[in-house]
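Have a look at the fold before reading on.

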Amino acid sequence: MKPLKVLVIDNEDVICNACRLVLTEKGHEVDISKTGKSGLIAVGHTTYDLVLLDIKLPDMDGMDILKTVKENVPTLRIIVMTGYATLSNAVQAMKLGATDYLPKPFTDDELVAAVEKAFEGL
């Protein structure tokens, strides 16, 4: 798998640091945004291969961010992460264009598997 440029949009330091650690060990470059607004700005200024997006952010709803990003960058792969995993959230995220849905807490292996799955066949 080629190295990816990844953006993590999550307000939890533990999640951000874990994602950065696991993915940089796999050779990927990882940026962090702690708010929805800063995440949208980052997506507008930088070309990413993948966004790891939390649904519950302090300033914006993750589903709104997902919708906005997919409207502006339809080819961008987005894996939605949430501690509030429900079937309706998963269905809504996929309808809005999410590549995958990762319930928190997740293991390092689950994160890597989701990222690799998002780029299968490329």
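Contact here means heavy atoms within 4.5 Å. Helices (H or I, at least four residues) and strands (E, at least two) are DSSP runs, numbered from the N terminus. This is a predicted model, so to speak of local features takes pLDDT of at least 70, side-chain atom pairs count only at pLDDT 80 or more, and totals for chains, interfaces and linings use all residues. Residues are numbered from 1 along each chain as its sequence is written, and side-chain values use heavy atoms, with hydrogens and water left out.

Let's start with helix H2 (residues 36–45). Gly 36, Gly 39, Ala 42 and Val 43 are buried there, where buried means under 20% relative accessible area, exposed over 50%, and partly exposed in between (1.4 Å probe, protein chains only). These four sit on the same side of H2, because they cover an arc of only 120° around the axis, taken from the directions from the helix axis to the C-beta atoms. Lys 37, Gly 44 and His 45 are exposed on the other side of H2. What do the buried residues of H2 pack against? They pack against E1, strand E2 (29–33), E3 and helix H3 (62–72).

Next, Asp 10, in the loop between strand E1 (5–9) and helix H1 (13–25). Asp 10 counts as buried because its relative accessibility is 0%. Its side chain makes a polar contact with the side chain of Lys 104 (2.8 Å); a polar contact is a pair of N or O atoms within 3.5 Å, where within protein one must be able to donate a hydrogen and the other to accept it, and residues adjacent in sequence count only if both atoms are side-chain atoms.

Now the nonpolar cores, meaning sets of buried Ala, Val, Leu, Ile, Met, Phe, Trp, Tyr and Cys residues joined through side-chain atoms within 4.5 Å.

| Core | Size | Residues include |
|---|---|---|
| Largest nonpolar core | 21 residues | Val 6, Val 8, Cys 19 |

Leaving aside neighbours within four places in sequence, Cys 19 is in contact with Val 8, Leu 52, Met 81, Phe 106 and Leu 111.

Cys 19 also turns up where H1 meets H5, along with Val 22 and Leu 23 of H1. On the H5 side, the contact is made by Asp 108, Leu 111, Val 112 and Val 115.
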